[in-house]
Amino acid sequence: MSGAKATFNLLDMIASAYELIEKPELAREFKASGMKFSAVAYEAAGFGHVGVMSANGMFGLMKMETLVLNPFSVDAPLFSLDRVHAFGREVLIAEMYDSLLGSSFRADPMEAVAAQCPNISKDKDYWYDYLVMKPGLNLKGKRKDAAAFDGYSQAFLQAYLEAAAKAEPSDPEEKKHKASVYSEGLLSNGGPATDPVKKAMGAEWTEDFFRNVLFGCGPA
């Protein structure tokens, strides 16, 4: 595995559960908001799509990492994890978004992890709140918390993979359609993760990036 892989062993964890097939034709590099971004996509055989993006900027004082798991062959929810290291501050946000076709997914392993984490409440409402499934992680701390946050990330992802392994198989095209509600909503509603990319790269480039590289749902 190569490309944007600085996600503290999370890709290795996914590769232990599913064969990861890199899609080099979907690798992207771009600059936005004074930061340099690098992204790569994988097919996780028997699961679905994996998108990874990392960014560096501000003379090395700021670093961001994003991991997206979009299951198409398994009826588990869309999974997104963001880590931010900025000016001595640490942020971890992990959420699941409802792309389920049935009711076989059980989040019990993830609830056990989330119960051990010092979660904080969201500071405002978002358009996609109705899609968010519990549990999730929302942590903010200082540089001294970096290792602990990485540990929480690994434990939460492992719990998700365990839960996904027990979910029923699903129709990939139906799942892509259901999952696209979130990714298409990001494009139409905008926001802090979408607007800077649109401004830097244009709407058409951003749509292709979200649909094929980050989320893998394909054309709307």
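Is Tyr-128 buried or exposed? Tyr-128 is buried, at a relative accessible area of 13%. Buried means under 20% relative accessible area, exposed means over 50%, and partly exposed is in between (1.4 Å probe, protein chains only).

## Basis of the model

This is a predicted model: local features need pLDDT of at least 70, side-chain atom pairs count only at pLDDT 80 or more, and totals for chains, interfaces and linings use all residues. Residues are numbered from 1 along each chain as its sequence is written, and side-chain values use heavy atoms, with hydrogens and water left out.

Helices (H or I, at least four residues) and strands (E, at least two) are DSSP runs, numbered from the N terminus.

## Aromatic pairs

A pair of aromatic rings is described by the distance of the centres and the angle of the planes. Rings of Phe, Tyr and Trp (its six-membered ring) pair if their centres lie within 6.5 Å. Planes under 30 degrees apart count as stacked, over 60 as edge-to-face and the rest as tilted. By this rule the count is 18 aromatic pairs. One of them joins Tyr-18 and Phe-47, and it is tilted: 4.9 Å centre to centre, with 45° between the planes. Tyr-18 sits in the loop between helix H1 (10-17) and strand E1 (20-22), and Phe-47 in the loop between strand E3 (35-44) and strand E4 (48-57), so the pair ties together parts 29 residues apart in sequence. Tyr-18 is buried, at 11% relative accessible area. Phe-47 is buried too, at 1%.

Tyr-126 and Tyr-128 make a stacked pair. Their centres are 5.4 Å apart, with 10° between the planes. Tyr-126 is partly exposed, with 28% relative accessibility. Both residues belong to one aromatic cluster, which also includes Phe-30, Phe-37, Tyr-97, Trp-127 and Trp-205.

## Salt bridges

Side chains of opposite charge can pair when their charged atoms come close. A salt bridge here is a side-chain nitrogen of Lys or Arg within 4 Å of a carboxyl oxygen of Asp or Glu. The structure holds 11 of them. Lys-175 and Asp-75 form one, at 3.4 Å from N to O. Lys-175 lies in helix H4 (residues 172-189) and Asp-75 in the loop between strand E5 (62-71) and E6, so this bridge ties together parts 100 residues apart in sequence. Lys-175 and Asp-75 are both buried.

Glu-95 bridges to Lys-122, with the closest N and O atoms 2.9 Å apart. This pair links distant parts of the chain, 27 residues apart: Glu-95 is in strand E7, and Lys-122 is in the loop between helix H2 (108-114) and strand E8 (132-142). Glu-95 is buried at 9% relative accessible area, whereas Lys-122 is partly exposed at 38%. Within helix H6 (residues 203-214), Arg-211 and Glu-207 lie four residues apart, about one turn of the helix. Their side chains meet in a salt bridge of 3.8 Å, N to O. Arg-83, Glu-90 and Asp-150 are linked in a salt-bridge network.

## Pocket

A pocket is defined on a 1 Å grid over the protein atoms alone, as an open set of points where a 1.4 Å probe fits, with protein on both sides within 12 Å along at least five of seven lines. Lining residues have an atom within 4 Å of a point. The largest pocket holds about 1200 Å³ of space, a volume filled by probe spheres set on the points. It is lined by 45 residues. Met-64, Asp-82, Ile-93, Pro-192 and Ala-193 lie nearest its centre. E6 gives the largest share of the lining, six residues.

## Surface patch and backbone

Phe-59, Leu-61 and Phe-87 form a nonpolar surface patch, with about 410 Å² of accessible area together. Patch residues have over 30% relative accessible area and no salt bridge; nonpolar side chains (Val, Leu, Ile, Met, Phe, Trp, Tyr) are joined within 5 Å, and like charges within 9 Å. Areas come from the Shrake-Rupley method with a 1.4 Å probe. Phe-87 lies in the loop between strand E6 (78-86) and strand E7 (89-97). Phe-87 is partly exposed, at 45%. Its phi is positive, about 50°, although it is not a glycine.

Ser-33 also has a positive phi, about 55°, without being a glycine. Ser-33 lies in the loop between strand E2 (28-32) and E3, and is exposed at 57% relative accessibility. A cis peptide bond joins Lys-134 and Pro-135, with omega about 5°. Pro-135 is in strand E8.
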